Amino acid sequence: MNYPLIYELMGKSAIDSDCGKLCQAACCQRKGPYKKEVENPNYSQELKEAGYEEEPEMGMYLFPGEERYAADVEGFSIEEEMAEDYGFPESWGEKVYFMTCMKVECERDKRPIQCRTFPLMPHLTEEGELRLIHYVGILPYRCPLITESMPLSEDFIKGVYEGWKLLLQNPGIYDFVWEESRLRTEEGKIPHEH
């Protein structure tokens, strides 16, 4: 997997300014408290409805092989887990790496894929066609890019799309996105497309 190329493709900002100023960089914080204007007041209830017994620490999984690029970056903490314990497909590999941000400001050019694509995520149609949709997971904050349907930069959308086309060539990533897409479709959670 050519992560340097994918990082370059996905290196554009979502909007023409620093979106972190809209929400006090909420997505870069591993836990609150968040400012009242961006805090999700329904977070605890949403977690309960989804079956969580306690509030998880914010973080993200790294894609297969991506841990090598994030391992020496200051401000990131990476933990190794067994992929099967978290529902990743067998094709993903034996291990999955979860990363948390230990400080709000990081080296932007070293951000992992999940940071580079947010607030978009990949969705595969029944025919296997790639679509980009707004993130639909449970978050302790409200991202103005999503909640206010702010227009995203065309360069950002194009770069994220091209990067995902390359990522989906990896069987483990493809299988994971396929399974997540089927689950979203079954649950009726397919929001606005880009």
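Predicted model: local features only at pLDDT ≥ 70, side-chain atom pairs only at ≥ 80, totals over all residues.
## Secondary structure

Read from the N terminus, the elements follow the order α-α-α-β-α-β-β-α-β-β-α-α-α.

## Overall shape

Along the principal axes, the C-alpha trace extends over about 40 × 35 × 35 Å.

Of the contacts with a separation of 6 or more, 72% are between residues 24 or more positions apart.

## Interior, surface and charge

Buried residues account for 41% of the 194 residues. The accessible surface amounts to about 11,300 Å², and carbon and sulfur atoms contribute 46% of this area.

The chain carries 21 positive and 38 negative side chains. The centres of these two sets are 6 Å apart.

Pro 140 is located in the loop that lies between strand S5 (130-134) and helix H6 (144-147). Is this residue buried or exposed? Its relative accessible area is 5%; because buried means under 20%, Pro 140 counts as buried.

Which residues does Pro 140 touch, leaving aside those up to four places away in sequence? They are Tyr 34, Val 38, Glu 39, Asn 40, Tyr 43 and Met 58. Pro 140 and Pro 33 are separated by 107 residues in sequence, while their C-alpha atoms are 9.2 Å apart in space.

Key
Residues numbered from 1 in each chain as written. Heavy atoms only, no water. Helix = DSSP H or I, 4+ residues; strand = E, 2+ residues; numbered from the N terminus. Buried < 20%, exposed > 50% of the residue type's maximum accessible area, 1.4 Å probe, protein only. Contact = heavy atoms within 4.5 Å. Areas by Shrake-Rupley, 256 points an atom, 1.4 Å probe, with all protein chains shown as cover. Lys, Arg positive; Asp, Glu negative; His and termini not counted. Charge placed at Lys NZ, Arg CZ, Asp CG, Glu CD.
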